[in-house]
Structure formats: structure tokens, C-alpha cells
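The sequence and the model come first.

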Amino acid sequence: MAQKPNIPKGTRDFGPLEMARRNYIFSTIRSVFALYGFQQIETPSMELMSTLMGKYGEEGDKLLFRIQNSGEKANEAPEKGLRYDLTVPFARYIVQHREDIAFPFRRYQIQPVWRADRPQKGRYREFYQCDVDVIGTDSLVSELELIQIVEEVYKRLNIRVCLHINNRKILAGIAEIIGAPDKIIDITTAIDKLDKIGQDNVNKELSERGLSDDAIAKLQPILALQGSNDEKLNTIAGILKDDETGSKGVEEMRTVLALAKDCTLPIALDLTLARGLNYYTGTIFEVKALDAQIGSITGGGRYDNLTGIFGLPNVSGVGISFGADRIYDVLTELNLFPQEMPGATQVLFAAFGDEELQYALNWAKQLRGHNIRVEVYPEPAKMKKQMSYADSKAIPFVAIVGGNEMQTGTVMLKNMTTGEQTQLNIEQLINKLS
């Protein structure tokens with residue numbers, strides 16, 4: 001019996017329509033990145049496990065895909081794994097190619113990543129990230145540019161979003177004043193799940209991670225702070241006034257919000273935002289769609305010493321990652337994809353016979369010379385079959401070729417939406433489709 005074809009859970013096939021829509025997302029994001037002077041790089045799908053381990057926190061390390069057999073002798077080959085994100089490989093790239101890089105270095109990267117996660121809505125084991133980073137400067141102007149990029153990308157995609165923002169120095173200061181400075185990673189890992197598991201379960205996890213009841217109690221009013229961004233900043237500034245690290249985080253937040261004052265993008269200071277990854281040290285971001293329940297669709301932040309792990313200390317960077325697969329799901333749910341996708345076929349030639357087919361092929365070649373996207377139905381099948389094919393692919397026009405059209409040097413152009421038919425010569429057809 002033939003084997004039933006299938007694919008691993010958490011992965012997906014993408015047909016022509018899905019690919020056209022994904023390419024629409026990628027090209028939109030790529031065009032905005034280019035506006036700000038970012039240049040594209042790529043890194044391998046696999047990295048050494050020594051590069052990946054210990055960079056994502058305890059829970060992140062558990063989600064790494066290990067490569068069991070890489071075609072090398074087991075006792076000679078270093079262990080390898082599929083990349084978990086694009087940021088750590090980027091830091092490795094910076095250190096490895098530092099002699100060829102002018103700082104600050106502005107790069108973008110659009111590639112898949114893999115996580116051994118439990119598949120569910122909006123969460124896949126293989127998915128694309130669209131990353132943009134500036135490395136080699138600690139200027140908070142870089143944070144502003146990332147906010148502007150978020151604003152422009154979602155404006156072009158027509159998705160209403162809110163950008164949530166916080167600072168890891170503020171969280172470090174909070175850990176200090178509640179008497180648990182050594183538990184900063186435990187605190188950020190737990191409160192990063194607040195939206196998913198709720199306050200009670202976060203408190204339970206904090207307790208399981210070794211925080212005292214007193215420390216957890218002191219944390220509650222801070223996480224529950226309400227009001228405008230300025231009101232929350234003023235309150236937390238008062239709480240952290242005697243903590244140097246926390247106060248620095250407050251000042252950085254004031255600067256970023258002041259720089260972004262002219263942005264129309266809604267920006268919310270969210271003191272519960274933690275970003276679970278260990279390498280963040282300053283500003284952190286998450287973007288959520290306002291009209292779809294799917295979690296964050298963009299996230300990132302500043303990392304002051306990620307390259308130090310690979311031997312190049314004190315090189316600060318900041319970046320954000322657009323989750324293309326979640327953006328796809330939002331655009332699908334809200335029916336926001338364009339009706340006619342960029343790159344789709346503009347016209348199908350349908351011929352009644354073999355001579356007419358040759359005529360159509362000659363016309364198609366001329367149209368393609370004018371950058372018009374053309375298909376020719378490859379055989380003179382029944383016209384109903386050819387029209388059904390055009391309908392199935394949502395091709396907007398069909399150029400019909402019969403004996404009369406060959407005699408007059410024309411085609412009969414049918415609008416597949418309105419049904420209107422017009423007889424056109426080659427110049428008129430080119431003008432119509434251009």
C-alpha cells in the first residue's frame with residue numbers, strides 16, 4: 001500500500017496563492033528596510049550548538065533543534081543545530097567578519113528559524129523572521145528609527161497596531177528594590193507570560209523559581225500600574241530613585257518616548273513587558289495587532305554585549321523582528337491582502353486551434369518584452385476549459401484568438417470580472433495592460 005504523504009507538525013506547505021501573499025509581506029517589509037539604509041545578509045540554517053546554547057534562557061535552550069547526523073564521524077564533528085532566531089547568528093557573523101564591516105552596521109535578514117515548540121494557533125516549528133538591526137552604536141536614535149519602521153510597515157500593510165515598550169534596566173531595578181537582584185532572569189521569564197497564563201499563575205511560577213512571598217507581594221503594585229506613559233514613568237521613577245540601574249532605564253525610556261513624540265503609532269509603556277530572551281539589556285519592544293487576537297507580531301530590543309560572547313565585547317546593538325507567519329495570519333483573518341497580488345498573471349491567451357496558438361505565442365513574446373505578465377494556454381482545448389483555468393487562477397483578462405482575430409491582426413480581450421469583450425490590436429493591448 002502506498003505511503004500516505006504528510007509533513008511534520010508545526011510546518012506547512014505553501015501553494016502559489018500563499019507564496020504570492022507571503023512575497024507581498026516580504027517585499028513590503030524589505031522596501032521599508034531599504035528606505036532606512038539597511039542592507040541584506042544571510043547566514044546558514046545550521047549553527048554550531050556552542051553558538052546557540054545559553055543565549056536564549058533555560059526555556060529557549062530546550063526548544064533548540066539538534067542535528068543528529070551531519071554526515072561526519074560522530075567523534076570528530078562538533079554538535080550542530082538549526083538556528084532559533086536570527087539575532088545570535090548575526091552577532092556571530094559580526095565577530096567573524098568584523099574586519100570587513102563599517103560600524104555602525106545596518107543589516108536586515110529574512111530567513112526561516114526553527115523551534116521545537118508545541119504547535120498551536122500562531123505558533124509554528126518552522127517560520128520566517130524579518131529582522132532589522134543596527135550594531136556598533138548606543139545612540140537611542142536607533143530605537144526611534146525602529147519605531148518609525150514599525151509604523152511604516154504596518155501602515156503599508158493596513159494593520160492597526162500598538163507598540164508596547166519597556167526597558168530591561170527598569171526591570172533590573174525592580175528586581176533590586178524588591179530584594180531579588182539575583183532573580184532578574186526568573187522574574188523576566190515569568191512575567192513575560194502574564195498575557196498567556198494570568199497573574200495568579202505568574203505568581204505561582206515566581207514562587208517556584210525561588211522568590212519569597214514578600215518579594216512577590218512588592219512586585220504586584222508595580223505590575224498593576226495604570227495611567228498614561230508619563231504617569232507610569234513618574235511613578236516608577238519615584239520607586240527606583242535610589243537604584244542607579246533602574247533610574248538609567250527610566251531616563252532612557254523618557255528619551256525614546258520624547259524622540260518618538262511625532263509618531264502616529266500608538267505607543268504604550270508596559271512594565272509587564274519582559275521579552276524572555278536573556279541577551280536584552282535596554283529598550284524592549286513588542287507590537288500587537290489591535291483587531292486580531294494572536295499575540296505579538298513584532299518584537300525586539302537592545303543588547304549591549306551579545307558579541308562579547310564571541311570575543312568582541314562592548315558592541316551595542318538594537319533590532320526588531322517581524323513575524324511573517326503571524327502577519328500572514330492577521331492579514332488573512334482581517335481580509336487585508338490585495339485582491340490582485342503583485343506578480344500575478346495579467347492576461348491568458350486562449351486559442352481555438354494550432355495556428356491560433358502559434359499566433360498567441362508570438363503576441364505573448366511581444367507583451368513580455370513590455371514587462372506584461374502573460375500565460376498562454378498550452379493547447380487548443382475547449383474554450384470553456386480555458387476560461388475555467390483563467391477563473392481558477394483569478395487571471396483578470398483573457399485574450400481570445402480565433403480565425404477572425406488572425407485575419408484582422410487583433411485579439412478579443414475579455415474582462416473576466418465584468419464579462420466585457422473588446423477587439424484590440426497589439427499596441428492597444430499593450431497600452432491596456434500596462
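**Entry 1**

The model is a predicted one, in which local features need pLDDT of at least 70 and side-chain atom pairs count only at pLDDT 80 or more, while totals for chains, interfaces and linings use all residues. Residues are numbered from 1 along each chain as its sequence is written, and side-chain values use heavy atoms, with hydrogens and water left out.

I take helices (H or I, at least four residues) and strands (E, at least two) as DSSP runs numbered from the N terminus. Two strands count as paired if DSSP finds at least two bridges between them.

I found that strand 10 and strand 11 run antiparallel and are joined by six bridges. Strand 6 and strand 11 are also antiparallel, with seven bridges, and in that pairing Val132 has Ile320 in strand 11 as its bridge partner.

I then traced the whole sheet: it is open, has eight strands in the order 1-5-6-11-10-9-7-8, and its pairing is mixed. Strand 1 (39-40) and strand 8 (267-269) are at the edges with a single partner strand each, so one side of each has no neighbour in the sheet. Strand 5 and strand 6 pair in the antiparallel sense over ten bridges, and Trp114 stands opposite Glu126 in strand 6.

**Entry 1: burial in and around this sheet**

I call a residue buried under 20% relative accessible area, exposed over 50%, and partly exposed in between (1.4 Å probe, protein chains only). In strand 11, seven of its seven residues are buried. Gly317, Gly319, Ser321 and Gly323 point one way, Val318, Ile320 and Phe322 the other, and all are buried.

Next I looked at helix 4 (residues 87-96), where nine of the ten residues are buried, so the helix is largely enclosed by the rest of the structure. Its buried residues include Thr87, Phe90, Arg92 and Tyr93. For contact I use heavy atoms within 4.5 Å. The cover over the buried residues of helix 4 includes strand 2 (46-48), helix 2 (49-52), strand 5 (105-114), strand 6 and strand 10.

Helix 12 (residues 324-333) has eight of its ten residues buried, so this helix too is largely enclosed by the rest of the structure. The buried residues include Asp325, Arg326 and Asp329. Among the elements covering them are helix 1 (16-35), helix 5 (141-157) and strand 9 (283-289). Helix 12 is followed by Asn335, whose phi is positive, near 55°.

**Entry 2: helix 7 against helix 8**

I take axes as lines fitted to C-alpha atoms, for helices over the stretch in contact, with angles from 0 to 180 degrees between N-to-C directions. The axes of helix 7 (residues 184-191) and helix 8 (residues 194-208) come within 8 Å and cross at roughly 145°. Asp186, Ile187, Thr189, Ala190 and Ile191 of helix 7 meet Leu194, Val202, Glu205 and Leu206 of helix 8. By class, this contact has six nonpolar, one polar and two charged residues. In this scheme Ala, Val, Leu, Ile, Met, Phe, Trp, Tyr, Cys and Pro are nonpolar, Asp, Glu, Lys and Arg are charged, and the others, Gly among them, are polar.

Is Glu208 buried or exposed? Glu208, found in helix 8, is exposed, with a relative accessible area of 60%. Its C-alpha atom is separated by 9.7 Å from that of Asp186, 22 residues apart along the chain.

I then turned to an open sheet of five strands, in the order 13-12-14-15-16 and with mixed pairing. Its edge strands are strand 13 (374-376) and strand 16 (421-424), each with a single partner strand, so one side of each is left without a neighbour in the sheet. Neighbouring strands are turned by 25° against each other on average, direction ignored.

Strand 12 (residues 347-351) and strand 14 (residues 397-401) pair in the parallel sense over five bridges, and Ala350 stands opposite Ile400 in strand 14. Helix 14 (residues 383-392) packs on the sheet, touching strand 12, strand 13, strand 14 and strand 15, and its direction makes about 170° with that of strand 12.
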